[in-house]
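Visitor: I am new to reading structures. Could you walk me through a sheet and a helix contact?

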Amino acid sequence: MTDTATVIASPEGRKRRSWTFMIGAVIVGLHIVIGLLTLIWTPFDPAAMSGGRLEAASLTHLAGTDRLGRDLFSLIMIGSRIALIVGTGAIIIGGLIGMTIGLLAAFASKTLDDVLAAGLDILIAFPTLLLAMLIVASSDGASLWTAIVAIGIANSAIVARLTRILAKRVLSMDYITASRISGTSWLGVVTIHVLPNIWPTLLVNLALQFGLAVIAEASLSYLGLGTPPPNASWGRLLQEAQGTVYSAPLGAIAPGIALVSLVIGINLLADGLRDIADPTRRSRR
Amino acid sequence: MTTLLDIRELNIEANGKKLVSDLSFTIAAGERLGLIGESGSGKSLTALAAIGLLPEGLQASGSVILDNRQVIGARDRDLVPLRGTAAAVIFQEPLTALDPLMKIGQQVGNAVKRRAKRDGGPTDKASIQREVLALLDQVALPDPYRISAAWPHEISGGQRQRAAIAMALACKPKLLIADEPTTALDVTTQAEILALLGKLVRERDMALLFISHDLPVVAGAVERVVVMQHGRVVETGAVSTVFDQPEHAYTQSLVAAARAFDDALEIAR
């Protein structure tokens with residue numbers, strides 16, 4: 001690769017790539033703005049009857065009303081907030097626990113590494129929903145927190161496994177030995193070399209996990225294991241609309257669109273992030 | 001002359017299988033020693049054992065005294081101050097020897113900073129930057145300013161190896177271990193790197209442990225050679241003696257092979 005090729009190739013590659021990032025950022029940004037807005041304002045009181053039962057979409061009720069006569073659009077707006085809170089909470093918990101365990105396993109002796117790896121495999125094989133039910137059963141009942149913790153723990157196993165394998169690959173490189181020889185401590189090796197090198201891949205994975213966490217939250221709520229009323233969650237809206245899906249399809253379609261748009265937005269964002277976070281990819285394109 | 005590295009009866013084992021057995025040699029301060037042998041003969045393991053960085057799962061026994069300190073059995077923490085001051089290593093593959101996500105200037109700068117902290121020198125940004133540029137200039141990198149701001153993938157293989165050498169030099173080691181530093185490079189670059197290494201070692205009065213399987217390369221770089229086969233030393237002596245009158249059958253075959261190669265080139269010409 002010559003220097004000129006690098007210079008010529010990079011701006012175009014960056015421009016093309018940045019479109020996915022931009023679209024993703026706009027969609028996710030919209031959800032964030034709506035989610036924040038619900039803290040102070042919704043078109044109608046989401047808990048009150050503001051119209052007839054199962055009204056079709058109109059200028060007053062943008063997404064119609066549900067079977068109790070509540071404004072569906074207001075409920076979906078609140079759903080954005082719930083989805084984002086659960087997603088953020090889950091990747092913070094999953095990321096912190098996962099990266100710690102993963103790095104520990106990468107540095108650990110062979111025996112401890114094997115034990116941790118086996119533990120992670122068991123945790124990954126454990127269905128998220130079952131885990132959530134266990135956590136709900138062992139706490140005071142379903143709440144926003146049980147959903148976050150359940151999804152976060154499920155996430156952490158996947159993050160840990162990825163961190164472990166990425167860190168191991170970096171640790172086998174000559175530049176780690178070179179750095180050790182020039183007198184860097186193990187902690188220095190982690191902060192100077194390992195974390196920056198695994199971060200791009202890890203960040204993209206965390207972003208994708210965010211999308212999965214949003215879907216997992218909807219699934220939990222659908223089964224009644226997520227956020228309890230009055231906080232509307234898309235999963236619960238879908239579940240409530242199930243009985244009337246033929247007479248009032250909008251009740252299922254509208255929260256479905258909200259859910260899908262957020263997940264697509266996050267995935268586009270993740271794709272764009274990869275190219276921003278990794279300088280070798282940035283200029284190789 | 002004082003002895004810098006004293007290896008005595010070094011044994012390296014993996015799961016009961018001997019990889020290096022009863023290896024002994026010494027390097028005096030300022031001396032240049034070549035370690036020759038085919039792939040898998042234990043050359044690189046010997047080098048890693050010398051600085052206490054053997055991969056996990058390998059056990060070393062015997063005695064390795066580097067700069068008056070026993071390396072074998074020492075705690076990792078105690079070896080940290082020894083590394084860099086006593087010995088630094090240049091690796092075979094220049095691409096993996098540099099962190100792909102750190103600019104050249106920063107990588108060399110980190111080594112400079114650690115050295116400065118150790119010696120109590122100035123650690124402010126400007127003086128480190130100045131020393132980094134000086135080092136890059138010493139390893140004959142063109143336009144040090146541009147190179148120091150470049151990512152490793154933006155420069156050529158030979159330039160990467162020069163940057164790696166600059167990193168090793170930044171530690172100001174007494175012993176420079178070069179583990180097949182030219183194997184991954186093309187022949188012209190090889191010659192340049194060898195000339196550079198020779199010049200730097202002489203200028204800075206460093207000792208050199210040069211590891212290679214390439215006889216002509218070693219012959220030009222060192223004064224004394226140790227020939228290894230299957231983890232054992234088969235012959236040792238001054239370069240001229242060993243290459244002119246090889247005693248051991250293995251050394252004879254190595255020299256013959258190198259000669260045959262030269263002759264083949266002669267005929268082709």
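Visitor: How many bridges join strand 1 and strand 4 of chain B?
Guide: Start with the general idea. Strands of a sheet pair through backbone hydrogen bonds, either parallel or antiparallel. This is a predicted model. In it, strand 1 (residues 3–14) and strand 4 (residues 58–66) of chain B pair in the antiparallel sense, over 8 bridges. Find B:Ile12, and you will see B:Ala60 of strand 4 of chain B opposite.

Visitor: In which order do the strands of the chain B sheet come?
Guide: Read across: 2-1-4-5. These 4 strands of chain B form an open sheet with antiparallel pairing. Strand 2 (17–28) and strand 5 (69–70) of chain B are at the edges. Each has a single partner strand, so one side of each lacks a neighbour in the sheet.

Visitor: Which strands does helix 1 of chain B lie across?
Guide: Helix 1 (residues 43–50) of chain B lies across strand 1, strand 2 and strand 4 of chain B. Its direction is at about 120 degrees to strand 1 of chain B.

Visitor: Now chain A. At what angle do helix 7 and helix 8 of chain A cross?
Guide: Roughly 45 degrees, for helix 7 (residues 186–222) and helix 8 (residues 234–241) of chain A. Their axes come within 6 Å. The two helices of chain A are therefore oblique to each other. Helix 7 of chain A passes helix 8 of chain A in a right-handed crossing.

Visitor: Which residues make that contact?
Guide: Among them are A:Leu220 and A:Tyr222 of helix 7 of chain A, and A:Trp234 and A:Leu238 of helix 8 of chain A. The residues of this contact divide into 5 nonpolar, 4 polar and 2 charged.

Technical notes
Residues numbered from 1 in each chain as written. Chains lettered and ligands numbered in written order. Predicted model: local features only at pLDDT ≥ 70, side-chain atom pairs only at ≥ 80, totals over all residues. Pairing = 2+ DSSP bridges. Contact = placed C-beta atoms within 7 Å. Axes fitted to C-alpha atoms, helices over the stretch in contact; angles between N-to-C directions. Parallel < 35°, antiparallel > 145°, perpendicular 65-115°, else oblique. Left-handed = near helix turned anticlockwise from the far one by under 90°. Nonpolar A, V, L, I, M, F, W, Y, C, P; charged D, E, K, R; others polar.
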